[in-house]
Amino acid sequence: MTSSYESAEKNMEMNVNVQSSCTGGGVSEEEARLRAIKGPMYLFWGGIIQMTLGTLSFIDGIIMIIYGWDRGNPFSTAVGIWSGVNLFIVGILGFAASFQHFNRNNGTLKGLLIAYYVMAIGTNTTAGMNIGYNAAGVGLCATGGKGCSPNMDALMACAAAGMVLGILMFPTSILSTVFYWRYANFFGLGCRKR
């Protein structure tokens, strides 16, 4: 019995329909076919990584609010929640797109990839904010700021974890935008219908 991933991978390989006019400059049709087969795999695993990081950031944001709601900025901003939700949505869109029929006439695929790209750009911003706000929290607690007590250890740990998650989230959302532009022609987003 095959796993759901293996059957999905076989399904994706069978459904690849790369048109020669979409192969891009100087790329053979065979190379375009290989890229179109690898693309869904990148979307699948990238989506899983993004959903995992998004969930961890969401949880970190909730814990930070529990311990720092009455402490003011940067602890009460809930930036971990919003950046986590954004990245989770990017992951869901990439994951859903990985199971689509890959040809230039698939409107659902085009919609998913465009939404994936737009949400990834938004996640770049919120991941950067996540890094900044949490770095400010670490700095505030490290210098013994009065906004950290009485839960200084918990707030310091949450801010440090949020900063690390933001540092991991930022490149994954950048890679999502790079993926879009690298593979857009092979998914029919850069091709005109004839």
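Residues are described here as buried when their relative accessible area is under 20%, as exposed when it is over 50% and as partly exposed in between, with a 1.4 Å probe and protein chains only. The structure is a predicted model, in which local features need pLDDT of at least 70 and side-chain atom pairs count only at pLDDT 80 or more, whereas totals for chains, interfaces and linings use all residues. Residues are numbered from 1 along each chain as its sequence is written, and side-chain values use heavy atoms, with hydrogens and water left out.

The structure holds eight aromatic pairs, where rings of Phe, Tyr and Trp (its six-membered ring) pair if their centres lie within 6.5 Å, and planes under 30 degrees apart count as stacked, over 60 as edge-to-face and the rest as tilted. The rings of Phe44 and Trp45 form an edge-to-face pair, because their centres lie 5.1 Å apart and their planes stand at 85 degrees. Of these two residues, Phe44 counts as buried at 7% relative accessibility, while Trp45, at 41%, counts as partly exposed. An edge-to-face pair is also formed by Tyr180 and Trp181, with 5.1 Å from centre to centre and 85 degrees between the planes; here Tyr180 is buried, with a relative accessible area of 11%, whereas Trp181 is exposed, with 58%.
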